[in-house]
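Here are my notes for your first look at this fold. Keep the viewer open as you read.

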Amino acid sequence: MKVENTQVQMRKGILEFCILEIISRGEVYASDMLEELTAAKMIVVEGTLYPLLTRLKNAQLLEYNWVESTSGPPRKYYRLTDTGKEFLEQLRQTWSELVDSTEFIIRNKKAQ
């Protein structure tokens with residue numbers, strides 16, 4: 001078993017959470033999301049982001065609007081819906097619990 005496979009699965013497991021966190025700051029363009037996710041080593045290919053955005057939109061967690069661009073075609077800017085804000089709050093709670101649980105297990109080194 002390769003550690004890289006597990007690392008990829010761990011990143012995939014929290015990618016939606018990270019995307020929602022980025023969008024929670026205000027309207028954001030997909031390429032800006034991609035840039036931040038790439039810098040954070042959470043995502044490496046553009047083809048991963050757009051299907052997730054579509055799925056989150058279909059789940060009514062986010063919406064978008066088109067904004068005209070002076071340097072090209074209109075841009076799609078994403079924002080959270082009220083449902084998305086509530087969903088994100090639940091994910092934040094779950095994340096906090098998971099971090100606490102994981103830290104507990106890591107620190108709990110009993111003598112064998």
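Is Glu16 buried, partly exposed or exposed? Glu16 is partly exposed, with a relative accessible area of 22%. Buried would mean under 20%. Keep in mind that this is a predicted model.

1. Start with the layout. The protein chain has four helices and three strands. Read from the N terminus, the order is α-β-α-α-β-β-α.

2. Next, the overall form. The C-alpha trace spans about 65 × 30 × 20 Å along its principal axes. The radius of gyration of the protein chain is 17 Å, while a compact globule of 112 residues would have one near 13 Å.

3. Now look at burial and surface. Of the 112 residues in the protein chain, 23% are buried.

4. Consider the contacts. Take those between residues at least 6 apart in sequence: 48% of them join residues at least 24 apart.

5. Then the charges. The protein chain carries 15 positive and 16 negative side chains. The centres of the two sets lie 7 Å apart. The structure holds seven salt bridges.

6. Return to Glu16. Its salt-bridge partner is Arg55, and the closest N and O atoms are 2.5 Å apart. Glu16 sits in helix H1 (residues 3-24) and Arg55 in helix H3 (residues 46-58), so this pair ties together parts that are 39 residues apart in sequence. Arg55 is partly exposed, at 46% relative accessible area.

7. Find Glu27 and Arg79. Their side chains meet in a salt bridge, at 2.9 Å from N to O. Glu27 lies in the loop between H1 and strand E1 (28-29), and Arg79 lies in strand E3 (residues 72-80), so the pair ties together parts that are 52 residues apart in sequence. Glu27 is partly exposed, with 44% relative accessibility. Arg79 is also partly exposed, at 27%.

8. Now move to helix H4 (residues 82-107). Arg107 and Glu103 are four residues apart there, about one helical turn. They form a salt bridge, with the closest N and O atoms 3.7 Å apart. Arg107 is exposed, with a relative accessible area of 59%. Glu103 is partly exposed, at 36%.

9. Finish with a network. Which residues does it link by salt bridges? They are Glu21, Glu89 and Arg92.

Notes: Residues are numbered from 1 along each chain as its sequence is written. This is a predicted model: local features need pLDDT of at least 70, side-chain atom pairs count only at pLDDT 80 or more; totals for chains, interfaces and linings use all residues. Side-chain values use heavy atoms; hydrogens and water are left out. Helices (H or I, at least four residues) and strands (E, at least two) are DSSP runs, numbered from the N terminus. The radius of gyration is taken over C-alpha atoms; the globule rule is 2.2 Å times the number of residues to the power 0.38. Buried means under 20% relative accessible area, exposed over 50%, partly exposed in between (1.4 Å probe, protein chains only). Contact means heavy atoms within 4.5 Å. Lys and Arg count as positive and Asp and Glu as negative; His and the chain ends are not counted. The place of a charge is taken as NZ of Lys, CZ of Arg, CG of Asp or CD of Glu. A salt bridge is a side-chain nitrogen of Lys or Arg within 4 Å of a carboxyl oxygen of Asp or Glu.
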